[in-house]
Amino acid sequence: AVAGLCALDVVASFLHAASGSASFVGRSHARTKCRSSRSSVPLLMSSAEAPTNVLIIGSGPAGLLAAHHLLLKGEAGKFKVTVAERRSDPRSSAQASKRSYSLGLGVRGRTAIKKASSALWEIVKSRGVECEKFSLHIGKRVLQIRQTSPLLISEPSVLINRADLCAALLDGFSCNEALRMPVLKFGSQCVDVDTSARHVVLLKDDGSRETVSYDVLIGADGVN
């Protein structure tokens with residue numbers, strides 16, 4: 001959850017800076033701080049004439065939602081987004097659901113997705129189960145947790161399997177005709193990062209290696 005919030009904080013800061021001025025000359029750096037990191041995260045912005053190559057490592061909820069925010073909120077053609085993931089596509093992998101777990105999307109998760117697109121939230125919601133109250137089991141004790149805040153009960157929470165959430169976010173790219181599709185690289189593990197040359201090395205499932213250049217690099221691969 002912390003990694004996800006940090007990734008979205010980076011995207012929000014970058015979008016704010018990039019949209020604040022249309023006259024970036026050459027290349028400049030912006031920095032945004034994340035409370036869970038020990039150092040600030042560098043962001044590189046290119047001129048308005050050329051698209052900014054954004055490479056996202058990790059196609060979990062944070063990485064995919066970051067891609068949606070960049071492609072939907074940025075100016076048309078401003079960002080070229082590539083997402084690299086060491087695992088296979090959760091929409092076609094039988095193992096994805098077996099290794100996944102359930103998530104509860106409350107007001108924070110709902111708001112983050114809706115800020116990208118209300119239509120995207122409808123896709124996500126259709127894959128889960130709405131729930132207005134929960135039971136917390138601690139040993140033999142059972143605590144009934146009810147959402148009493150008007151803000152929280154304005155809409156039920158959605159319980160959804162993590163793999164299903166990722167699949168919904170992936171389907172959201174093709175459901176929006178106006179959205180430029182990101183480049184998706186499944187079965188591609190990031191094994192090396194050269195911040196000076198601004199490129200990463202991806203190890204493919206077949207053992208081959210691919211070098212991918214970037215202007216902005218977003219790490220959304222969790223503890224990996």
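Start by selecting Asp89, Arg91, Arg127 and Asp171: a network of salt bridges links them. A salt bridge here is a side-chain nitrogen of Lys or Arg within 4 Å of a carboxyl oxygen of Asp or Glu. Side chains of opposite charge can pair when their charged atoms come close. Across the whole structure, the search finds 6 salt bridges.

Before you go on, note that this is a predicted model, in which local features need pLDDT of at least 70 and side-chain atom pairs count only at pLDDT 80 or more, while totals for chains, interfaces and linings use all residues. Residues are numbered from 1 along each chain as its sequence is written, and side-chain values use heavy atoms, leaving out hydrogens and water.

**Stop 1: a pair within a helix**

Now select glutamate 122 and lysine 125. Their side chains meet in a salt bridge, 3.6 Å from N to O. How far apart are glutamate 122 and lysine 125 in helix H5? They are 3 residues apart in H5 (residues 118–127), so about one helical turn separates them. Helices (H or I, at least four residues) and strands (E, at least two) are DSSP runs, numbered from the N terminus. An α-helix has 3.6 residues a turn, so residues three or four places apart point the same way.

Glutamate 122 counts as partly exposed, with 43% relative accessibility, and lysine 125 is also partly exposed at 22%. The cut-offs are these: buried means under 20% relative accessible area, exposed means over 50%, and partly exposed lies in between (1.4 Å probe, protein chains only).

**Stop 2: glutamate 210 and its lysines**

Next, click on glutamate 210 and lysine 185, whose side chains meet in a salt bridge at 2.9 Å, N to O. This pair links distant parts of the chain: glutamate 210 sits in strand E13 (residues 209–213) and lysine 185 in strand E10 (residues 183–186), 25 residues apart. Is lysine 185 buried or exposed? At 17% relative accessibility, lysine 185 counts as buried, while glutamate 210, at 22%, counts as partly exposed.

Lysine 204 counts as partly exposed at 22% relative accessibility.

**Stop 3: a buried serine**

Serine 188 has 2% relative accessibility and counts as buried. What touches serine 188, leaving aside its neighbours within four places in sequence? Its contacts (heavy atoms within 4.5 Å) are Ala84, Glu85, Arg86, Leu202, Leu203 and Lys204.

**Stop 4**

Move to helix H4 (residues 107–116) and colour its buried residues, Arg110, Ala112, Ile113 and Ala116. They lie on the same side of H4, because they cover an arc of only 165° around the axis; this arc is that of the directions from the helix axis to the C-beta atoms. Which exposed residues does the face turned away from the buried side carry? That face of H4 has Arg108 and Lys115.

**Stop 5: a sheet with a helix across it**

Show E5, E9 and E6, which form an open sheet of 3 strands in the order E5-E9-E6, with antiparallel pairing. The edge strands are E5 (102–105) and E6 (129–131), each pairing on one side only. From one strand to the next, the twist averages 30°. Strands pair if DSSP finds at least two bridges between them; E6 and E9 (residues 157–161) have 3 bridges, in the antiparallel sense.

Then bring in helix H6 (residues 162–175), which lies across E5 and E9 and runs at about 100° to E9. Axes are lines fitted to C-alpha atoms, for helices over the stretch in contact, and angles run from 0 to 180 degrees between N-to-C directions.

**Last stop: proline 61**

Select proline 61 in helix H2 (residues 61–73). Proline 61 and leucine 169 are 108 residues apart along the chain, and their C-alpha atoms are separated by 7.5 Å. Beyond its neighbours within four places in sequence, proline 61 is in contact with Arg162, Leu165, Cys166 and Leu169.

Finally, zoom out: the protein has 6 helices and 14 strands, and 41% of its 224 residues count as buried.
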